Structures are given as C-alpha cells and as structure tokens.
Amino acid sequence: MTETVRPRDEAEVVAAVEWAAGNQQPVELVGAGSKRGWGRPVEAQAVLDLSGLSGVTLYEPNELVLTARPGTTLGVLEDALAGGRQHLAFEPPDLGPLLGRPAGQGTLGGAIACNLAGPRRIKDGAARDHFLGVKAVSGRGEAFKAGGRVVKNVTGYDVCKLLAGSFGTLAAMTEITVKVLPAPEQTRTLVIAGLDDLAAVRALTQALQSPHEISGAAHLPAALAARSGVAKIAGIGSSATLLRLEGFGPSVKARVESLQGELAGFGDLAALTDLDSKALWREIADVSCLVDEPERPVWRLSVPPAQGAQVVGRIRETLAVDAFFDWGGGLIWLAAPADAEAAGAGAVRAALTPWGGQASLVRASAATRASLPVFQPEAPTLAALSARVRAGFDPLRILNRGRLTADS
Amino acid sequence: MKMPRPDPAPIARRSELIERLQAIVPGEGVIFDKDALRAYESDGLSAYRQPPLVAVLPRTTAEVAAVLRLANEIGVKVVPRGAGTSLSGGALPLADGILLGMARFNRVLEIDYDNRCAVVQPGVTNLAITQAVAGRGFYYAPDPSSQIACTIGGNVAENSGGVHCLKYGMTVNNVLGLEMVLINGDVVRLGGKHLDPGGLDLLGVMNGSEGLLGVVTEVTVRIQRRPSTARAVLIGFPSNETAGDCVAAVIAAGMVPGGMEMMDRPAIHAAEDYVHAGYPLDVEALLIVELDGPAAEVDHLIGRVETIARAAGAVSLRVSASEDERLALWAGRKAAFPAVGRISPDYYCMDGTIPRGALPRVLRGIGEMSEKYALKVANVFHAGDGNLHPLILYDANHPGELERAEAFGGDILKLCVEVGGVLTGEHGVGVEKRDLMVHQFTETDLNHQQRVKCAFDPGGLLNPGKMFPQLHRCAELGAMHVRGGKLPFPNLPRY
Ligand SMILES: Cc1cc2nc3c(=O)[nH]c(=O)nc-3n(C[C@H](O)[C@H](O)[C@H](O)COP(=O)(O)OP(=O)(O)OC[C@H]3O[C@@H](n4cnc5c(N)ncnc54)[C@H](O)[C@@H]3O)c2cc1C
C-alpha cells in the first residue's frame with residue numbers, strides 16, 4: 001500500500017527525506033498531482049505530498065519579486081499578482097485536463113519542477129528564466145538554499161536552473177522565489193485563415209523576424225481550430241495562424257497596423273480583442289484541443305522553429321497525427337493514433353534527426369510510459385554527466401526514482 | 001587573497017609538458033617564453049598577477065579535448081581564458097597550471113535568421129556577434145560595457161549582463177546551445193536551435209560557472225531584431241532617495257525600460273569632466289531611462305516617465321530628440337569606469353545586487369565606510385535590477401591602500417547580503433569574492449554547489465582557487481551518512 005506523508009514545514013520535509021533515505025525507501029514527490037502522469041512511472045511505494053507547504057510569503061511588486069511555498073496553486077498566485085497588475089510572464093500552462101485531472105490544481109512547485117512555459121516563451125522565456133531563488137531539501141535529507149531574492153545574481157552556480165525541469169529528481173523544494181513582471185495593459189491577436197502548415201510557419205517566422213515583439217505565434221490546422229472554445233476561431237472553417245501582440249495601448253495599435261501590412265501577402269489579418277485573445281492563448285497553452293480522446297498518446301516536441309512544419313510532415317509520412325504549433329513552429333503538440341506502435345515513438349523521434357530537437361511523451365498509459373523513454377534519450381556522455389549531477393544531490397535515488405529515465 | 005599552493009611536480013616537469021602540448025597544438029600555439037607569458041599574467045582584476053606555467057592556444061575542439069585529456073592524465077591544472085576582461089580574477093593564471101587561451105576560436109560559424117540564432121566560436125567578441133547580424137537589423141541583446149573586447153565564451157562563463165538586461169535578460173537567457181569539453185576530454189553538446197532542451201538544465205548551470213565545469217568550444221545564441229526606436233531621458237535629482245523613488249515608481253507603473261541607470265554625484269562629475277556629455281553638475285543623482293520599441297510606444301512612455309519623474313522631485317530633465325543626442329546622454333555613463341580611472345591611479349569595481357528598496361540605506365552605509373577607510377567612492381548603478389557598482393578609488397603605490405580598498409569592498413558586499421542582496425550581480429565570484437561566499441551561503445549550501453563541480457571535474461583541475469573558499473575532496477562530499485529508522489516526527493501527518 002502507498003503511504004503518504006504530508007509535511008507542513010521544511011523541518012518536516014527534512015525528517016521525511018531522512019527517513020526515506022535511512023530506509024532506502026524511494027518517495028514520489030507530488031504537489032497537487034496535476035502532472036503526475038508526465039514522465040516514467042515513479043518507482044516508489046511512498047508519497048511525499050508537498051501541497052501542505054503553501055502560501056505567498058513575500059510579494060514586492062516594485063522589486064519584481066514574489067516568494068511562495070511550492071504548494072501554492074497558480075490560481076492563488078495569479079490573484080495575488082493581479083493586485084499589483086503583474087503576472088508570471090512565462091505563462092505556466094495548466095496541463096491537468098490534458099493528463100485527465102481537473103483544471104486549476106497546478107502548483108508553483110510543479111510549474112518550476114517541470115520547467116513549464118506557455119506561448120510567451122518566445123519573448124519572455126520559461127519557468128527557469130524567472131526562477132530566482134529556492135530553499136530545498138536534497139535527496140541527502142539536507143536543507144539548502146540557492147540563488148537569491150534579487151533579479152540579477154551570478155553568485156555561485158545557478159542551482160535553480162538545475163532544479164527547474166528536474167521533475168523532482170534532485171530535491172524537494174520548500175520555498176520558491178520568482179521574478180514577476182508587469183501584466184500587459186492590452187492584448188490583440190491577429191488571425192490569418194487558411195494557411196497550410198508550411199506557409200503558416202513561414203508567416204510566423206516573418207513575424208518573429210520583425211521588431212514587433214510578438215508574444216505568441218501559433219498555428220492550428222483546421223480540425224483543431226474547429227475545437228476552439230472561441231467562437232471566431234471555431235467558426236473560421238479553415239486553419240488559423242495566430243500572432244499575439246501585448247503591451248501599452250498605443251504600442252499595440254501601432255504594431256498591429258504594421259504587421260497587418262507586412263504580412264498582407266499571406267491573406268487578411270483579422271484582429272481578436274482582449275477577451276477572445278486571452279481565452280484563445282489560454283487554450284493553446286493548456287493544449288485544450290487535444291484533451292478529448294484521452295486514449296491517444298500526446299507528444300510535446302521542441303524543435304528549431306522554422307523547421308516545425310517539416311518535422312510534422314515527416315511524421316505524417318508514417319503516422320496519422322493531429323498536431324498544432326506554438327512558439328513560432330518550435331513547439332509541437334501532437335496526438336498519435338491510439339493504437340500506434342510504442343505510442344508512435346519511432347516516427348516522432350526519427351523526424352527530429354535532420355534538424356535536432358527533442359520529444360517527450362506527455363500523455364500515455366503508465367504501461368506505455370514504463371516501456372519506452374518518455375524523455376528524449378541523451379547522448380551517452382551527456383547522460384552520464386546528468387547521472388553524476390543527479391547523484392550529487394540524491395545519491396540513493398530516493399526522490400522520484402525512475403521518473404526521468406529507467407536508471408535515474 | 002591566497003591562491004592554492006603551487007604543486008612543484010608539474011613545475012619540475014615543465015619542459016616535458018611543453019613538448020606534449022606542442023605535439024597537440026602545432027606551430028605557435030604553445031607559449032612558454034617568460035616574457036610572452038606576461039601577456040596572460042592578469043585579467044581585468046589587475047591587482048593580481050601570476051604568469052602561468054605555460055599557455056596553449058588551440059584552434060579546434062579536438063585540440064581542446066586532447067589538451068584537457070593530457071592535463072587530466074598527468075594531474076595539471078587548467079585555467080580557461082577568453083579576452084581576460086573578467087573583473088573578479090576568473091582568468092587569473094596559476095603558477096603550476098596551463099593557461100588555455102580560446103582567442104583562436106574566433107569564427108562566426110552560422111547565422112540562421114529563420115531560427116533567429118547564430119552559432120559562433122567562443123572567442124568571438126560580444127560586439128562581433130551584433131556586427132555580424134546588424135546588416136539585417138538584428139542584434140545580440142546582452143551588452144556588457146566591455147563588449148568590444150570580451151568574448152562570448154567569457155560571457156557564458158560569467159553569465160554577463162549589460163545595461164539592457166532588465167528587459168532582455170542576461171547571457172543565460174540568450175544562449176540556446178553549447179558545445180563543451182570536460183576535463184576528461186568528453187565532448188558534450190547541450191541544447192541547439194530549439195528553445196527547450198529537456199533533461200537536466202546543464203546549459204543553465206554552465207552559464208555563470210566561471211570556467212570551473214568545462215571548456216566551451218561553441219555557442220548558439222539568440223539574435224533578435226533591433227527595436228525600431230530608442231530614446232533616453234536624463235533626469236537629475238536632489239538626492240539618491242528621490243532618484244530611487246522614481247525608479248520604483250516607473251516599475252510600479254508597469255514599465256520595464258530597456259535601460260535604467262543611476263549615477264551619484266562623484267560619478268557624474270568624473271564622467272562630465274571626461275566626456276563633456278552635458279550632465280548637470282548641481283544634482284546629487286542622475287538617472288538615465290531608456291525606452292525602446294515602436295515609436296508610438298516610446299513616445300507614449302516618455303510622457304509617463306516625465307510625469308513620474310517630476311512627481312518624484314526631479315530638478316532637471318532632458319529627453320533625447322535624435323539618435324546622436326541619445327548616444328550623447330549615454331556617453332557619460334558608458335565612460336564612467338575610465339572616467340573614474342582618470343581621477344584616481346587605481347579603482348576597484350564592486351558588483352553587489354540589492355533589493356532596490358534598500359538603496360538609501362546601502363548608499364548611506366557606503367558613505368560611512370568611505371570615511372572610515374579614508375577612500376573615496378563613486379557609484380554607478382544598474383538601477384532597474386538593483387545591481388550596484390561602487391568604484392573605490394585608491395592608489396596601489398601607497399602601501400596598504402589596496403588592502404584597505406579590498407576591506408572596504410568586502411564590507412560593502414557584506415552589507416548587500418545583509419539587506420537581502422547578493423555578492424555579485426554580473427562580474428562573478430572569481431578569486432575576488434571567493435572568501436566572502438561564506439557570508440551568503442552556509443556550508444551545506446556550498447557543498448551542494450561543489451557536488452555539481454564534482455560531477456563535471458572530480459579532480460578539481462579546472463580553474464581551482466576560484467569561486468569556492470575551500471574545496472572539499474569529492475570523495476568526502478559524495479559520502480552520505482544515513483540515519484535509518486523511524487520518522488523522527490511522530491505527529492507528521494501521514495495517510
Ligand atoms: C571596462 C570593463 C567593463 C565591464 N563591463 C561589464 C558589464 O557591463 N557587464 C558584465 O557582466 N561584465 C562586465 N565586465 C566584466 C567582463 O568583461 C565579463 O565578465 C566578460 O564576460 C569576460 O569575458 P572575457 O572573454 O574577457 O573572459 P575572461 O576574463 O578571459 O574569462 C572570464 C572567465 O571565463 C572563463 N572562460 C573564458 N572563456 C571560456 C571558455 N571558452 N570556456 C570556459 N570558460 C571560459 C575564464 O576561465 C574565467 O573564469 C567588464 C569588464 C571591464 C574590464
């Protein structure tokens with residue numbers, strides 16, 4: 001039977017990890033559990049539930065910093081930040097529904113541990129780029145800190161970077177400081193209808209080569225556009241290529257006009273207003289169009305953006321997939337057929353070879369996730385180095401054993 | 001500052017080492033002449049000098065790998081070097097070590113405008129990247145003041161910033177991929193042209209690793225289009241406090257200016273005497289706020305900044321009306337270091353970061369220390385992100401002054417940590433702040449960092465004597481003492 005331990009403060013986290021290490025008992029770290037299904041199934045009988053460590057402990061809008069405990073939900077954070085007209089610029093998606101969980105559960109700790117990033121990644125970076133400081137308990141059962149609470153800091157190794165995206169394999173975080181930024185006053189989205197994938201990525205590339213500070217660049221093929229909750233997109237009757245512009249009113253207006261002129265060769269550029277824009281980019285971040293049909297494996301690919309359409313083209317040569325593009329073509333979300341051999345891993349990963357990039361299997365049954373590399377396999381020298389880094393923090397592989405790789 | 005005691009063994013076998021290096025790097029690539037080695041004896045922290053045992057200038061990744069394998073095999077230390085502009089002694093050579101100069105890695109390998117990145121060798125200068133892409137209106141955003149000289153390899157190693165990094169990020173936020181060589185000769189590639197490499201973020205930790213983890217042999221950087229307009233506002237204030245209030249109010253109004261720089265009275269006077277930028281001399285603090293973006297945005301925000309500045313108590317305000325005028329407003333700030341260099345035989349540049357709210361307290365503290373140590377100080381400040389550069393004026397020819405300047409600097413940095421800040425915002429720890437690390441980190445904190453070092457370089461041969469106050473042996477750090485048994489907190493909630 002699984003045992004769950006729910007510490008309330010750092011000392012209790014230390015005690016729990018010491019206990020786990022002392023008994024050679026691996027533990028699975030969870031916040032709210034919204035992304036528990038992403039990664040290889042953790043080989044652990046015990047759960048270390050960090051959702052009890054929650055709450056904002058410091059918010060200084062003028063310093064652009066916020067400190068919170070890891071179990072704080074993103075909703076609570078967003079409300080706190082809204083008071084200062086600020087936001088988490090990396091726009092953490094809510095992948096709960098995609099992974100068969102309720103919406104709105106994701107925590108700050110989970111967003112950092114998975115290094116999440118939404119459409120604004122192309123302009124403002126991922127969770128790792130906003131992660132300033134941390135208190136954590138390593139797999140050694142030792143509490144340590146790294147980074148700080150100022151936005152500019154190069155003192156010592158940037159251990160925060162290592163923790164971001166480590167999927168809980170290095171340390172249990174107990175306090176997190178992030179950089180926060182002013183929320184844009186206005187949001188507009190330009191929509192081009194009817195482009196195929198290749199033309200769409202060309203349009204996105206041209207927009208991203210402009211000085212217009214595009215903060216979202218996505219393409220939904222017709223079948224997926226039709227699933228949008230935004231009526232203007234669902235009813236478009238074709239594919240939708242989307243460009244987001246955010247900022248101060250006069251600036252957004254000027255940039256929208258310039259871009260409409262510059263991209264006129266691709267077709268008409270209709271503009272969506274604030275409300276529709278926000279709903280639409282939320283859907284894109286959360287991969288809403290692939291939530292239904294939970295039996296279909298879902299992949300997330302990060303590739304050189306200009307080659308995104310070609311990558312999907314190669315995959316389509318052998319696999320019937322639904323795919324859409326974010327990050328100007330550089331992020332591909334892709335649903336494989338439910339009965340695809342090894343969730344389609346062969347076709348997906350082979351398509352990366354010419355241009356580089358990586359693919360992670362985000363949604364699949366536990367059995368499938370245990371049977372193949374969920375995360376992109378690394379070259380042997382890199383894999384060995386990563387394993388040594390992991391061993392420095394967690395020599396007994398107590399934390400999230402097996403989540404990243406079979407021997408992690 | 002003490003460096004590790006030189007190991008007599010490699011010094012005794014110097015000629016053999018030279019021969020073996022010459023077998024790897026042919027021609028002029030191995031430098032062993034005592035006079036020629038002088039060129040490498042220090043970096044931007046010029047108070048410290050030490051010629052290396054030998055210098056080697058490889059041209060290819062394979063040569064770097066062979067040099068490192070050799071060093072690893074015979075247990076000789078290696079200090080990587082780019083342009084040698086580090087202000088923290090990061091590239092300070094060792095008497096018993098090889099100086100690995102990366103200057104010959106000076107080619108731009110590929111410019112990929114569609115993917116908005118450039119692949120360059122680490123010895124390419126920061127400015128050369130921007131120059132290579134400027135023709136199409138692109139640039140590489142991080143812009144350290146040393147950009148005409150410093151290399152991108154050095155920028156990665158120090159995670160360098162610049163006046164525009166509040167808005168555009170530091171080096172780490174603008175690097176997509178690296179090739180590096182480990183001390184055992186392994187060549188490792190991290191990231192590429194895609195945004196999200198996946199796996200443990202070793203790319204992130206390489207930035208700011210100060211040459212202690214691996215030798216960078218190729219860098220893929222993000223390039224972006226230059227904003228179509230940039231204008232600067234020069235604002236004078238009657239006190240440091242009012243200038244600080246203005247900075248806070250600009251941020252509170254939702255603006256992230258391209259640059260926001262502050263200078264105090266001594267820095268203003270030094271700069272004005274040097275470049276005649278037209279700075280007002282009757283103010284206590286000057287703020288330069290630069291706004292960039294589309295013209296419509298810049299015009300709109302300049303208006304907002306003016307209103308905020310007047311409300312905060314500005315006594316003078318000048319908006320640049322042309323590109324020439326914008327550059328003139330910056331000229332004084334950009335020349336602040338050399339300007340201070342003119343009025344004092346030597347100066348010592350500090351680099352702490354503080355929560356901005358603590359600025360008045362920290363500047364007051366620095367003023368008091370200046371009296372205590374009887375040394376003058378001028379302050380320039382990346383005001384947007386709280387990164388403070390006090391320049392301590394001293395004369396190394398006066399016995400004891402260097403030591404006094406260092407003690408003064410140490411006290412400033414301790415004060416930065418005390419108010420919630422950090423020892424270094426962009427210049428790195430190096431040898432300079434190595435012994436201060438214990439004021440910011442506990443031993444457990446430092447042990448966790450050093451284990452990262454152990455994963456990359458278990459023998460501690462890459463750039464030793466930098467960053468860490470004392471190096472534990474990796475075997476000792478790796479050991480784990482487990483206490484078995486029951487959960488010590490019986491009332492810890494369990495389900
Ligand atoms: C006048 C002046 C102004 C400056 N202004 C700024 C500023 O505005 N912002 C800022 O951040 N810094 C500034 N600096 C500091 C300095 O320029 C930066 O730290 C710069 O990045 C160092 O680059 P470099 O090529 O000179 O490296 P070096 O000084 O040669 O080396 C710095 C460190 O990098 C390591 N290193 C170099 N190349 C490699 C490589 N290929 N692989 C692995 N390790 C390597 C070295 O071992 C050393 O630890 C300034 C310096 C001066 C002198």
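This is a predicted model: local features need pLDDT of at least 70, side-chain atom pairs count only at pLDDT 80 or more; totals for chains, interfaces and linings use all residues.
Two residues are in contact here when heavy atoms of theirs lie within 4.5 Å of each other.

Let's start with the whole chain. Chain B is built from 18 helices and 18 strands. Along the principal axes, its C-alpha atoms fill a box of roughly 65 × 65 × 60 Å.

What about the inside? Of the 495 residues, 62% count as buried. If you take the contacts in chain B with a separation of 6 or more, 72% of them come from residues 24 or more positions apart.

As for charge, the chain carries 47 positive and 56 negative side chains, with the centres of the two sets 4 Å apart.

Now zoom in on helix 2 of chain B, residues 14-24. Its buried residues are B:Arg14, B:Leu17, B:Ile18, B:Leu21 and B:Ile24. They sit on the same side of helix 2, because they cover an arc of only 115° around the axis. An α-helix has 3.6 residues a turn, so residues three or four places apart point the same way. Look at the other side of helix 2 and you'll find B:Ser15, B:Glu19 and B:Ala23 exposed.

So what covers the buried residues of helix 2? The cover includes helix 1 (8-12), helix 3 (34-37) and helix 4 (61-74) of chain B, along with strand 1 (30-31), strand 2 (54-56) and strand 4 (97-101).

Terms used
Residues are numbered from 1 along each chain as its sequence is written. Chains are lettered from A and ligands numbered from 1 in the order in which they are written. Side-chain values use heavy atoms; hydrogens and water are left out. Helices (H or I, at least four residues) and strands (E, at least two) are DSSP runs, numbered from the N terminus. Buried means under 20% relative accessible area, exposed over 50%, partly exposed in between (1.4 Å probe, protein chains only). Lys and Arg count as positive and Asp and Glu as negative; His and the chain ends are not counted. The place of a charge is taken as NZ of Lys, CZ of Arg, CG of Asp or CD of Glu. The arc is that of the directions from the helix axis to the C-beta atoms.
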